[in-house]
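Okay, thanks everyone for coming.

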Amino acid sequence: MSFKTLATSPVSLITLLVLFFAFSLTFFIKFNHTPQGLFDAQKLALFNGTNERLPILLGILGSVFDVTSGKSHYGAGGGYNHFAGRDASRAFVSGNFTGDGLTDNLRGLSSTEVKSVVDWRDFYHKRYTYVGKLVGRYYDSQGNPTKYLKGVEAKAARGAQLLEKQKIEEAKQTTCNSRWSQDEGGEVWCEDGYPRLVQRPTEIALTGKMSKRCVCFDDSQLDQPGLELYEGCDFHAKRCKV
C-alpha cells in the first residue's frame with residue numbers, strides 16, 4: 001500500500017493519529033515530567049554565576065535552588081556569591097565565608113543553630129525555585145535522604161522544642177528593666193523585687209554555651225540557689241549598675 005493510500009484510508013488515518021498521539025504523549029512526559037535533577041559537587045560548581053548563559057544555583061542541606069532572580073546578590077561580585085555553585089550550609093549560621101567555612105558539614109553545631117539552617121532551607125523553598133538534590137552528605141545517588149539529613153532534621157526539631165520550653169519557663173519570671181547610655185553605662189532595676197542574675201537552664205542544650213539573664217525576685221525567693229548578685233550592688237538594692 002502506497003503512502004498516499006495509507007494517508008487517505010480512514011482506518012489507517014486513525015492509526016496514524018493514535019501513533020502520533022502516543023509519541024507526543026511520550027515526548028511530553030519524558031521532557032516535562034522528569035523528576036527533579038540530581039547534581040554532584042562538580043556539576044553544581046558550574047552554576048556559580050561566572051557563566052552568564054547558565055542559571056545561578058546554590059545548595060543548602062542538599063537541596064538545590066535556582067537563585068538567578070537574585071543575581072545582584074548571588075552573581076559574580078555579589079555579597080552572597082560565596083554561596084553560589086556549592087552547598088555551604090554551615091556558613092549560614094557560622095558567618096565564616098572563606099576556606100573550610102564554606103562546607104555542608106554541621107558537626108558540632110547546637111540544636112538551635114541546626115534549626116536556623118533548616119529555617120534557611122525553608123526560606124529558599126518559599127523564595128526561589130527548587131531544582132533538585134545534591135548527591136553527597138544529604139542525598140544518595142538515587143536522590144533518597146541519608147541518615148545524616150534525617151539526623152539534622154531531628155536535631156532541628158529538638159531545638160525548636162527547647163526554644164519553646166525556654167520561652168514558656170522565662171515567661172513565668174519577671175524580667176528586669178534595663179537601659180544603657182554611653183555616658184552612664186548600663187543599669188538594671190526592678191519595680192517589685194530585687195535584680196539577680198540567673199542561668200538559663202536550657203541554654204547549653206540550645207547553643208552549647210551558658211548564658212544568664214536578669215530576673216526580679218522578692219524577699220522570700222532570695223535564698224534560692226543559683227541566684228547571683230550583681231558585683232558592687234547591695235543585697236536589697238532595686239537598681240544595679242552593670
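This is a predicted model: local features need pLDDT of at least 70, side-chain atom pairs count only at pLDDT 80 or more; totals for chains, interfaces and linings use all residues.

Residues are numbered from 1 along each chain as its sequence is written, and side-chain values use heavy atoms, with hydrogens and water left out.

So, the overview. The protein has 8 helices and 9 strands; those are DSSP runs numbered from the N terminus, H or I over at least four residues for helices, E over at least two for strands. Of the 242 residues, 34% are buried, and by buried I mean under 20% relative accessible area, with exposed being over 50% and partly exposed in between, using a 1.4 Å probe and protein chains only. Then contacts, meaning heavy atoms within 4.5 Å: among those between residues at least 6 apart in sequence, 59% join residues at least 24 apart.

On to the sheet with 4 strands. It's open, the order is β1-β4-β3-β2, and the pairing is mixed; two strands pair if DSSP finds at least two bridges between them. β1 (37-39) and β2 sit at the edges, each pairing on one side only. From one strand to the next, the twist averages 40°. For angles like that, axes are lines fitted to C-alpha atoms, for helices over the stretch in contact, and the angles run from 0 to 180 degrees between N-to-C directions.

Inside that sheet, β3 and β4 (residues 129-134) run antiparallel and are joined by 4 bridges, with S63 standing opposite K133 of β4. β2 and β3 are antiparallel too, over 4 bridges, and L57 has D66 in β3 as its bridge partner. Which way do the residues of β2 point? L57 and G59 go one way, L58 and I60 go the other, and all of them are buried.

In terms of position, L61 is in the loop between β2 (57-60) and β3 (63-66). Is L61 buried or exposed? Its relative accessible area is 0%, so it counts as buried.

Next, the other sheet. This one is open with 3 strands in the order β5-β6-β9, and the pairing is antiparallel. The edges are β5 (177-181) and β9, each pairing on one side only, and here the twist averages 20° from one strand to the next.

A hairpin takes you from β5 to β6 through 3 residues. The two strands run antiparallel with 5 bridges between β5 and β6 (residues 185-189). You can pick out W180 opposite G186 in β6, and S181 with G185 as its bridge partner. On the β9 side, β6 pairs antiparallel over 3 bridges, and E187 stands opposite K241 of β9. As for how covered β6 is, 4 of its 5 residues are buried, so the strand is largely enclosed by the rest of the structure.

Okay, helices. Two packed helices are described by the angle between their axes and the distance between the axes. For α6 (residues 111-127) and α7 (residues 147-171), the angle is about 110° and the axes are 7 Å apart. That makes α6 roughly perpendicular to α7, a label covering 65 to 115 degrees, where under 35 is roughly parallel, over 145 roughly antiparallel and the rest oblique. Who makes the contact? On α6 the residues include V114, V118 and R121, and on α7 they include L149, A156 and L163.

Last stop: G232, in the loop between β8 (212-217) and β9 (239-241). Its relative accessibility is 80%, so G232 counts as exposed. From the C-alpha of G232 to that of V242, 10 residues along the chain, the separation is 9.0 Å.

That's my tour, so over to you.
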